[in-house]
Amino acid sequence: LALAGFWLFPRLATPLWRAFRFRNPWLLVNLLTVFVAAAVVGYFEDTINKVVVLAVFLPVLGGQSGNLGCQALAVMLRGMTLGELRGTGVARLVSKEALLGLLNGLVTGALAGAAMYYVVARDGGDDALLLGFITLAAMALSCMIAGLSGALIPLVLKRLGADPATASSIFLTTMTDVVSMGSFLGLAAWLVL
């Protein structure tokens, strides 16, 4: 069975060109999905032009939620590989990762929100407190969704017969980028402008 898996999904010992054929299609899917995240940012171009400081914080939200999602993804993939999901309530595990995401998002969101407040207040901006709370809320939401996605995506891909190890990160990155940037810019457009 392990030898059969060698031919179905790439392993460390998979020859170069076979590994390329396994991985490249997923990277092409990724190229398409990053345009979705770019479209979200493009949709809020007027908002960014009016509140330029938002552009500075986009990578903060995207990076935090992306890394949090990767932690959940790594834990889920390890659990799948080691057979830890057998006899375990998957809904409970997924809920746990979502709650961990929310809690971590509240902590990092409070710090990022304080940084936003400082930057805007230093420059004499009237909306410093509101932008700080928007940063906190967007971080909490995006990290919760990142934890949820990091846990769910490999399970869904496995159910669909795809290789979770090579495909999960592509869908996770898209989800975290769209949610973090969309919630941050959407809240700013709604509450500030």
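**Exercise 1.** Are H5 and H6 roughly parallel or roughly antiparallel to each other?

*Before we start.* This is a predicted model, where local features need pLDDT of at least 70, side-chain atom pairs count only at pLDDT 80 or more, and totals for chains, interfaces and linings use all residues. Residues are numbered from 1 along each chain as its sequence is written, and side-chain values use heavy atoms, with hydrogens and water left out.

*Solution.*
1. Two packed helices are described by the angle between their axes and the distance between the axes.
2. Helix H5 (residues 90-122) packs on helix H6 (residues 128-159) at about 155 degrees, the axes being 6 Å apart.
3. Angles under 35 degrees count as roughly parallel and over 145 as roughly antiparallel, so H5 and H6 are roughly antiparallel.
4. The contact of H5 with H6 has 23 nonpolar, 8 polar and 1 charged residues.

**Exercise 2.** Classify the ring pair of Trp17 and Phe20, then that of Trp26 and Phe171.

*Solution.*
1. The structure holds 3 aromatic pairs (ring centres within 6.5 Å; planes under 30 degrees apart are stacked, over 60 edge-to-face, the rest tilted).
2. For Trp17 and Phe20, the centres lie 5.8 Å apart and the planes at 75 degrees, so this pair is edge-to-face.
3. Trp17 is exposed at 59% relative accessibility, while Phe20, at 44%, is partly exposed (buried is under 20%, exposed over 50%, partly exposed in between, with a 1.4 Å probe and protein chains only).
4. For Trp26 and Phe171, the values are 5.9 Å and 80 degrees, so this pair is edge-to-face.
5. Trp26 sits in helix H2 and Phe171 in helix H7 (residues 164-191), so the pair ties together parts 145 residues apart in sequence.

Definitions and conventions:
Axes fitted to C-alpha atoms, helices over the stretch in contact; angles between N-to-C directions. Helix = DSSP H or I, 4+ residues; strand = E, 2+ residues; numbered from the N terminus. Parallel < 35°, antiparallel > 145°, perpendicular 65-115°, else oblique. Nonpolar A, V, L, I, M, F, W, Y, C, P; charged D, E, K, R; others polar. Phe/Tyr/Trp six-rings, centres within 6.5 Å; stacked < 30°, edge-to-face > 60°.
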